[in-house]
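Here's a quick briefing on the structure below. Have a look at it first, then read on.

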Amino acid sequence: MLLSNKVCVITGAASKRGIGRAIAKLFALHGGRSIILDLDAAQASAAASELGEAHRGIACDVTDKDACIAALDRVVGDFGRVDVLVNNAGITQPLKFMDIAPGNYDAVLDVSLRGTLYMSQAAIPHMRKQRSGSIVCMSSVSAQRGGGIFGGPHYSAAKAGVLGLAKAMARELGPDGIRVNSIAPGLIQTDITGGKLTDDLKAEILKGIPLNRLGDAEDVARACLFLASELSSYVTGATIDVNGGMLI
Ligand code: NAD
């Protein structure tokens with residue numbers, strides 16, 4: 001089993017059709033203990049209990065540094081270690097550049113960028129002690145293309161920031177045995193995108209995707225399993241594109 005007894009924390013993993021939930025599920029299938037962090041305690045616990053007794057759901061707003069530290073302390077208190085952190089929580093807003101108000105900017109950057117900083121800062125002291133760990137950060141094709149189908153420019157900025165932050169972390173933390181990588185998903189069918197796709201829009205989007213389909217959360221989860229596990233033991237500072245060829 002690729003993640004036998006590994007303690008894996010995944011943020012933003014309670015959403016039923018979400019990428020985080022698919023990651024938690026796949027990690028559990030491969031022997032990992034999935035710790036589901038999300039805003040709502042009941043939803044996080046329900047998502048974890050669907051996976052079985054070995055897993056946990058904890059309420060944690062990743063924009064709150066103290067909450068991140070408390071969540072990680074609880075994980076290490078209960079399970080003795082943390083092997084994998086997936087910084088997956090993210091929100092988007094479909095705004096044009098000139099319509100972005102300060103509050104919009106703060107909200108979107110806070111979850112993806114501040115959340116990645118705070119959660120990683122909470123996990124790293126424990127990983128340093130173990131001299132091992134894998135951190136996976138969720139970026140987006142929007143960072144690479146300067147725009148997505150649903151995300152505004154502030155979303156592109158946040159997700160580009162995630163790529164830079166992850167590379168800098170990889171450089172600094174490599175000597176401690178901690179690997180840090182990113183995933184840049186293309187258009188994945190989840191609640192972020194769900195319900196907003198008309199047939200005409202979907203046909204238009206598919207013209208730009210060589211694999212001729214939208215992605216599933218499981219497509220992203222499989223890339224995440226690779227980065228979380230020892231399959232990628234010599235990979236750090238990398239970005240895996242999971243986008244059906246959108247950028248070719
Ligand atoms: P989703 O909306 O289904 O899931 C996001 C989860 O994050 C939700 O469960 C939500 O409650 C949680 N969340 C939001 N704010 C939070 C906070 N402050 N603290 C903790 N949790 C919080 O979205 P998804 O499509 O599964 O997206 C997951 C990640 O993948 C996001 O970072 C998103 O930007 C990224 N992404 C998604 C797509 C796509 O097409 N769906 C493409 C590229 C990147």
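The unreviewed UniProt entry annotates residues 6-186 as "domain: Ketoreductase"; UniProt positions are given in the numbering used here, feature names are shortened, and annotations may be inferred rather than shown by experiment. Keep in mind that this is a predicted model, where local features need pLDDT of at least 70, side-chain atom pairs count only at pLDDT 80 or more, and totals for chains, interfaces and linings use all residues. Residue numbers start from 1 along each chain as its sequence is written.

**Overall build**

- The chain has eight helices and seven strands, where helices (H or I, at least four residues) and strands (E, at least two) are DSSP runs numbered from the N terminus.
- With a radius of gyration of 17 Å, close to the 18 Å that the globule rule gives for 248 residues, the chain is as compact as a globular protein of that length; the radius is taken over C-alpha atoms, and the rule is 2.2 Å times the number of residues to the power 0.38.
- Along the principal axes, the C-alpha atoms of the chain fill a box of roughly 50 × 40 × 35 Å.
- The annotated span, residues 6-186, is 51% helix and 18% strand, and its end C-alpha atoms lie 28 Å apart.

**Core and contacts**

- Of the 248 residues in the chain, 48% are buried (20 or more other C-beta atoms within 10 Å of a residue's own; exposed is 12 or fewer, partly exposed is in between, and C-beta atoms are placed from the backbone).
- Among contacts with a separation of 6 or more, 71% link residues 24 or more positions apart; a contact means that two C-beta atoms, placed from the backbone, lie within 7 Å.
- The largest nonpolar core has 72 residues, and Val-9, Ile-10, Ile-23, Ile-36, Leu-37, Ala-123 and Cys-224 touch the most other members (such a core is a set of buried Ala, Val, Leu, Ile, Met, Phe, Trp, Tyr and Cys residues joined through C-beta atoms within 7 Å).
- Leaving aside neighbours within four places in sequence, Leu-37 is in contact with Val-9, Ile-10, Thr-11, Ala-13, Ala-44, Ile-58, Cys-60 and Ala-71.

**A helix pair**

- The axes of α3 (residues 65-79) and α4 (residues 102-130) come within 8 Å and cross at roughly 35°; axes are lines fitted to C-alpha atoms, for helices over the stretch in contact, with angles from 0 to 180 degrees between N-to-C directions.
- On the α3 side the contact is made by Lys-65, Cys-68, Ile-69, Leu-72 and Val-76, and on the α4 side by Tyr-118, Met-119, Ala-122, Ala-123 and His-126.

**Between α7 and α8**

- Lys-207 sits in the loop between α7 (199-206) and α8 (217-228), and is exposed, with 8 other C-beta atoms within 10 Å.
- Phi of Asn-212 is positive, near 60°, in a residue other than glycine.

**Two more spots to check**

- Asn-5, in the segment before β1 (7-11), has a positive phi of about 60° although it is not a glycine.
- Asn-5 counts as exposed, with 12 C-beta neighbours inside 10 Å.
- Pro-185 belongs to strand β6 (residues 178-185) and counts as buried, with 25 C-beta neighbours inside 10 Å.
- Beyond neighbours within four places in sequence, Pro-185 is in contact with Ile-19, Ser-140, Val-141, Gly-215, Val-220, Val-242 and Asn-243.
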